[in-house]
Amino acid sequence: MSDLLYLTRADVEGLGITAREMTDMLSRLLRGLGSGTSANAPKGTIRRADGRLCMAMLAASEDPPRFATKSLGLSPANAAAGLPSIGALICLHDAATGHPIAVMDGDWITGVRTAALSTLAALHLARSDAQVLSLIGTGVQGACHLALFTQAFPLTTVRIFGRGRANIEKLAAQAHALGLATEERPSPQAAVEGADLVVSSVTPTPELPRFLDPAWLAPGAFVSMVELARAWQVDRLAGRARVFVDDLEQERRMEDPLLACSLIEGDLAGLASGEATGRRDASEITAFAFRGLALGDLALAALCHEKALEAGVGLRLPR
């Protein structure tokens, strides 16, 4: 029986995986859903009244021959204690034998795979000449989306709206290091109006109000609603925006729908395979309602494993 490769957060974060590599692998696995070479199980969740969440995710592929499971916990109270709100671990298996081949930190992968799914949606749904990115929320997802969107679009300006001064300054410093101008906006409306790309990633707590109005979106805008669309007045998307989700089948099975099924036009698999039409003209408004897709974790875990083997990174553990 072979040994097990253990990858820390520093290991996976230091592998230098690009946005293009992430979206290419995601597209490959998503296209496999139609051919049967990939499979994605709807996420399993246990929710507590105080906002805590326990989650398990599973996805498999024959190309590459891997499957992955992720366990994740979320606690909104962690922030007050100076702790990250999410903790995750991923186990990667060889699909042919079923044997585990790697265990790796899931925190970085969870953040980056979310931004990678948004980036893939944006590549199909946003204008290719988008220059102004608006970030509503300044935590991990704001930083991850900034890093990946900068690689995918000719950005010149980043608008920032958030509550935490330290996070705002950290995000602005990241943008400046990437050669971008920054604008701290005084209100959500001021941040959204006129932006080419909008990413909302506020923490989706039970008491979160729907404070974002789709009416503020400019013609030609793309929005990624990362907080499960809970900050948006989603009923006002009707007749205004073409809306896509991660996975239609997963969404049909969930007890807490992101938005009415009648508002959803398609999903990422349809966009990746060409079965669904992406952006049709420069003026239409498009939206991506993010729930999370286990296939995203598999894509990033498989990439990390491949890159780690090439670089000789990680700790070998006996089994």
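What follows is a set of questions and answers about a predicted model.

Q: How do you know that the span of helix α2 is close to the expected one?
A: Helix α2 covers residues 19-35, which is 17 residues, and reaches 25 Å from its first C-alpha to its last. The expected span is 1.5 Å times one less than the number of residues, and for α2 that expectation is 24 Å, so the value found is close to it. Just after α2, Gly36 takes a positive phi of about 90 degrees.

Q: What makes residues of α2 count as buried, and which are they?
A: A residue is called buried when its relative accessible area is under 20%, and in α2 this applies to Ala19, Met22, Thr23, Met25, Leu26, Ser27, Leu29, Leu30 and Gly32. The buried residues of α2 pack against strands β2 (38-47) and β3 (53-62), and also against helices α3 (107-125), α4 (140-152), α8 (268-273) and α9 (294-311).

Q: Why are β2 and β15 said to stand at the edges?
A: The open sheet of 7 strands has the order β2-β3-β4-β5-β6-β1-β15, with mixed pairing. Both β2 and β15 (315-317) have a single partner strand, so one side of each is left without a neighbour in the sheet. From one strand to the next, the twist averages 15 degrees.

Q: How do you know that β5 and β6 pair?
A: Pairing requires at least two bridges between two strands; β5 (residues 86-94) and β6 (residues 100-105) are joined in the antiparallel sense over 5 bridges, and therefore they meet the criterion. Leu89, for example, has Asp105 in β6 as its bridge partner. Helix α3 lies across β3, β4 (65-74), β5 and β6, and runs at about 90 degrees to β5. Helix α9 also packs on this sheet, touching β1 (4-7), β2, β3, β4, β5, β6 and β15, with its direction at about 65 degrees to that of β3.

Q: What makes β3 and β4 a hairpin, and in which sense do they pair?
A: The two strands pair in the antiparallel sense over 10 bridges, and a hairpin of 2 residues joins β3 to β4. Within this pair, Leu53 has Leu74 in β4 as its bridge partner. Strand β4 in turn runs antiparallel to β5, with 9 bridges between them, and Gly73 stands opposite Gly87 in β5.

Q: Which strands are the edges of the sheet of 8 strands, and what makes them edges?
A: This open sheet has parallel pairing and the order β9-β8-β7-β10-β11-β14-β12-β13. Strands β9 (181-184) and β13 (264-267) are its edges, as each pairs on one side only. Neighbouring strands are turned by 20 degrees against each other on average, direction ignored.

Q: How do you know that β12 and β14 pair?
A: At least two bridges are needed, and 5 bridges join β12 (residues 241-245) to β14 (residues 285-289), so these parallel strands qualify as a pair. Arg242 stands opposite Thr286 in β14.

Q: Why is Thr277 called partly exposed?
A: Its relative accessible area is 48%, which lies between the limits of 20% and 50%, and therefore Thr277 is termed neither buried nor exposed. Thr277 lies in the loop between α8 and β14 and, leaving aside its neighbours within four places in sequence, is in contact with Arg242, Phe244 and Leu271.

Key
Residues numbered from 1 in each chain as written. Predicted model: local features only at pLDDT ≥ 70, side-chain atom pairs only at ≥ 80, totals over all residues. Heavy atoms only, no water. Helix = DSSP H or I, 4+ residues; strand = E, 2+ residues; numbered from the N terminus. Buried < 20%, exposed > 50% of the residue type's maximum accessible area, 1.4 Å probe, protein only. Contact = heavy atoms within 4.5 Å. Axes fitted to C-alpha atoms, helices over the stretch in contact; angles between N-to-C directions.
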